[in-house]
Amino acid sequence: MRIVITGAAGFVGSHLVDMFLSLGYEVVAIDNLITGKRSNLTVNKNLTFLEQNVYKYIEVEGKVDWVLHFASPASPIDFMKYPIPILKVGSSGTINCLGLAKAKGAKFFLASTSEVYGDPLEHPQKETYVGNVDPISERSVYDESKRFAEAATMAYHRFHKINVRIIRIFNTYGPRMRPEDGRVLSNFITQAMTGKPITVYGDGSQTRSFQYVSDLVNGITKLMDVEYQLPVNLGNPNEFTILELANIVKKITNSSSEIIFKPLPDADPKRRRPDISRAKEILKWDSKVSLEDGLKKMIDYYKSIGLTKV
Ligand SMILES: NC(=O)c1ccc[n+]([C@@H]2O[C@H](COP(=O)([O-])OP(=O)(O)OC[C@H]3O[C@@H](n4cnc5c(N)ncnc54)[C@H](O)[C@@H]3O)[C@@H](O)[C@H]2O)c1
């Protein structure tokens, strides 16, 4: 098996690389390092790294069995920092990756997101829910780019008969998530570990569910092994309020940080929780890692990169 992974030097991509290398596959890792780090990738004779921007061009020599398109900045601060690159990587980038799959006769796998559901009016979210997205909010660059990516994937599937998979990833966390990337768990852990106030946006009653990265990687490999072309939610359905989460992080890190409240950002979804019945049925998959166990691993990683508790 020879697998191309875009966004391979990022948080999720690098865990996929590790998993495929452990199976003895050949991996071509593509990344332009806009949010990823070269050091997230190990040195291995079966790994080739190509520094390419997938919305400009992709050049891969030799046979390819799968193209896994995971490239995209994905954290809320990136929505403000890189709005145009996000739009481009989801649109032109996805078309280029689909073109590569078509040229190589490879299968295509898209990392989409729960953000395609926007601020959902249906709860929990099933794959059949078409979403409630504001097309002009600050986060719309990400939501709409992923919605376009899904549309492009299905069009290539219907028109060019490319064998595709689409996953809608719900909040995922774990080692190699950048401490400064602005997502809620990395924020809370960093703040708690460095003794800064833990910032809760709004009153903290909005809910989220959190999936540990190994559960996601496991779901991805299972989906590659079955023939199923429609989107599949992958996430952990255990729902926590943001305030509960802040208190859990505070407890596990044994932190004395105070919890402070700030205004809710533009179009921040109030509830988000996956309905994973499709994944359970098709993949015989379920999330296994508890929030507490996953958080401990992430905290160990943050310690290993020098983030210190005060
Ligand atoms: N982590 C989550 O909770 C989550 C949730 C939903 C969806 N996703 C999706 O999973 C994928 C990976 O997310 P992540 O959390 O690992 O983010 P990340 O920022 O750590 O990784 C994204 C990687 O893509 C690379 N990249 C971005 N634009 C590129 C371009 N034009 N060309 C080449 N490389 C490019 C970045 O440098 C980075 O290495 C993304 O597509 C994201 O939308 C993640």
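Visitor: What does the chain average in pLDDT, and what share of the residues score at least 70?

Guide: This is a predicted model. The chain has an average pLDDT of 95, and 98% of the residues reach at least 70.

Visitor: Where in the chain is confidence lowest, and where highest?

Guide: Where pLDDT is low, predicted coordinates should not be read in detail. Here the lowest confidence falls in strand β9 (residues 207-209), with a mean of 89, and the highest in strand β4 (residues 66-69), at 99.

Visitor: Which residues have the most contacts inside the largest nonpolar core?

Guide: In soluble globular proteins, nonpolar side chains tend to be buried together. The largest nonpolar core here has 76 residues, and Val4, Ile5, Ala29, Val67, Leu68, Phe108 and Phe188 have the most contacts inside it. Helix α6 (residues 184-193) supplies the largest share of this core, 6 residues.

Visitor: Is Val141 buried or exposed?

Guide: A residue is buried if 20 or more other C-beta atoms lie within 10 Å of its own. Val141 has 22 such neighbours, so Val141 counts as buried. Val141 belongs to helix α5 (residues 140-160). Beyond four places in sequence, its contacts are Phe79, Pro83, Ile86 and Leu87. The C-alpha atoms of Val141 and Val67 are 23 Å apart.

Visitor: Which residues come nearest to the ligand?

Guide: Of the 29 residues around the ligand, Gly7, Gly10, Thr35, Gly36 and Ile169 come nearest. Two or more residues of the shell come from each of α1 (11-22) and β5 (107-113), and α1 gives the most, with 3 residues. The shell divides into 15 nonpolar, 13 polar and 1 charged.

Notes
Residues numbered from 1 in each chain as written. Predicted model: local features only at pLDDT ≥ 70, side-chain atom pairs only at ≥ 80, totals over all residues. Near = placed C-beta within 6 Å. Helix = DSSP H or I, 4+ residues; strand = E, 2+ residues; numbered from the N terminus. Nonpolar A, V, L, I, M, F, W, Y, C, P; charged D, E, K, R; others polar. Core = buried A, V, L, I, M, F, W, Y, C linked by C-beta atoms within 7 Å. Buried ≥ 20, exposed ≤ 12 C-beta atoms within 10 Å, placed from the backbone. pLDDT = per-residue confidence, 0-100. Contact = placed C-beta atoms within 7 Å.
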